[in-house]
Amino acid sequence: FGAGFGTTATHAMFTATCELGLRSLHFFNHCGFGSDKSTAPLPGLLAHIRVIRAHLALVHCIQGAQWGGTQSCPSVKETFDTMRWHIDQVISSRDVAAIHDT
């Protein structure tokens, strides 16, 4: 499990774990999960996607509010709780081997 901000080599570590054939996550990217669209996505991958979506929804909402947007934003606490629950799901899943910047 790697977390970084900026130049902490999480992308390089993600590339390395992908080359080793490990199911890995790195913000928008993932590898090792296959490309068969006929099977349901794995729980850890879905939870990772939901973490990213919650983060982006709050960022876009805040940016929109700064520019006079009128959409209703989730609270920071609501977003935090949602993200924490989904991060727990990613970590506890058996379908993810390496996590970088979720």
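Two strands count as paired if DSSP finds at least two bridges between them. With that in hand, let's look at this model, which is predicted.

**The sheet**

Three strands come together as an open sheet, in the order S2-S1-S3, and the pairing is mixed. Strands S2 (29-31) and S3 (98-100) sit at the edges with a single partner strand each, so one side of each has no neighbour in the sheet. From one strand to the next, the twist averages 10°.

How do S1 and S2 pair? Strand S1 (residues 24-26) and S2 go together in the antiparallel sense, over three bridges. To find your way around there, look for His 26, which stands opposite Asn 29 in S2.

**The helices**

Helix H1 (residues 10-19) lies across S1, S2 and S3, and runs at about 160° to S1.

Then there's helix H3 (residues 76-92), with 17 residues. From its first C-alpha to its last, H3 reaches 24 Å, close to the 24 Å expected at 1.5 Å a residue.

Which residues of H3 are buried? They are Thr 79, His 86 and Val 90. Looking down the axis of H3, you'd see these buried residues fall within an arc of 55°, so they line one face of the helix. On the other side of H3, you'll find Lys 77, Trp 85 and Ser 92 exposed.

| Residues of H3 | Label and cut-off |

Terms used. Residues are numbered from 1 along each chain as its sequence is written. This is a predicted model: local features need pLDDT of at least 70, side-chain atom pairs count only at pLDDT 80 or more; totals for chains, interfaces and linings use all residues. Side-chain values use heavy atoms; hydrogens and water are left out. Helices (H or I, at least four residues) and strands (E, at least two) are DSSP runs, numbered from the N terminus. Axes are lines fitted to C-alpha atoms, for helices over the stretch in contact, and angles run from 0 to 180 degrees between N-to-C directions. Contact means heavy atoms within 4.5 Å. The expected span of a helix is 1.5 Å times one less than its number of residues. Buried means under 20% relative accessible area, exposed over 50%, partly exposed in between (1.4 Å probe, protein chains only). The arc is that of the directions from the helix axis to the C-beta atoms.
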